[in-house]
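Subject: Structure for your files, with notes on charged pairs

Hello,

Here is the structure I said I would pass on.

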Amino acid sequence: MPRLMVGGQEITGVERAEVRIVHGTQREPERVPVMEWDIILGLQNDDLLAKWALAPQGTDRFRRCELVVYNRDKTQAHTWTILKGYVHQYQEVEFPAGDPGRPTNEPYIRLLIRGTLLRPEDYDGQNVMTVAPGEKEGFPG
């Protein structure tokens with residue numbers, strides 16, 4: 001399971017995480033690529049994520065986020081860090097019966113975290129999101 005940290009606090013129950021970097025199209029490239037994480041986690045009683053999603057524009061809206069992704073043999077594959085992340089989309093699903101791609105019918109949260117800059121002209125390729133390598137996946141034999 002991936003590990004998620006938001007503003008220095010660990011968020012438990014992450015079931016799935018997908019990292020996306022979208023550069024726009026060939027005809028209309030983005031000045032700053034859209035960098036986001038699509039995260040599925042079990043529904044929680046803690047209101048940290050909901051309050052973060054509702055935060056008004058200001059310093060409380062942007063938080064440093066870290067996502068650690070593991071290989072199949074549980075060695076660390078990558079550590080992704082969004083330096084200034086915000087909740088782009090927050091969805092609580094209480095009754096997911098018939099939801100394609102879900103192995104269980106347990107309630108869940110779908111969270112889309114995006115990175116941002118105050119001014120697009122400041123983009124240098126690493127000041128929105130960084131990635132650090134982990135360990136090489138090892139297989140016996």
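Predicted model: local features only at pLDDT ≥ 70, side-chain atom pairs only at ≥ 80, totals over all residues.

Residues are numbered from 1 along each chain as its sequence is written, and side-chain values use heavy atoms, with hydrogens and water left out.

Salt bridges

Side chains of opposite charge can pair when their charged atoms come close. The structure holds eight salt bridges (a side-chain nitrogen of Lys or Arg within 4 Å of a carboxyl oxygen of Asp or Glu).

One of them pairs Glu-66 with Arg-3, with 3.3 Å between the closest N and O atoms. Strands here are DSSP runs of E with at least two residues, numbered from the N terminus. Glu-66 is partly exposed at 25% relative accessible area, and Arg-3 is partly exposed at 27%. For these terms, buried means under 20% relative accessible area, exposed means over 50%, and partly exposed is in between (1.4 Å probe, protein chains only).

Arg-20 has two partners to note. With Glu-18, the N to O distance is 3.2 Å. With Glu-36, the closest N and O atoms are 3.0 Å apart. Glu-36 is buried, at 6% relative accessibility. Arg-20 is partly exposed at 24%, as is Glu-18 at 34%.

Through shared partners, salt bridges join Arg-16, Glu-18, Arg-20, Glu-36, Asp-38, Arg-110 and Arg-114 into one network.

A loop residue

Thr-75 lies in the loop between S5 and strand S6 (76-93). Thr-75 is buried, with a relative accessible area of 15%. Its side chain makes a polar contact with the side chain of Asp-73 at 2.7 Å. A polar contact is a pair of N or O atoms within 3.5 Å; within protein, one must be able to donate a hydrogen and the other to accept it, and residues adjacent in sequence count only if both atoms are side-chain atoms.

Regards

Terms used
Helix = DSSP H or I, 4+ residues; strand = E, 2+ residues; numbered from the N terminus.
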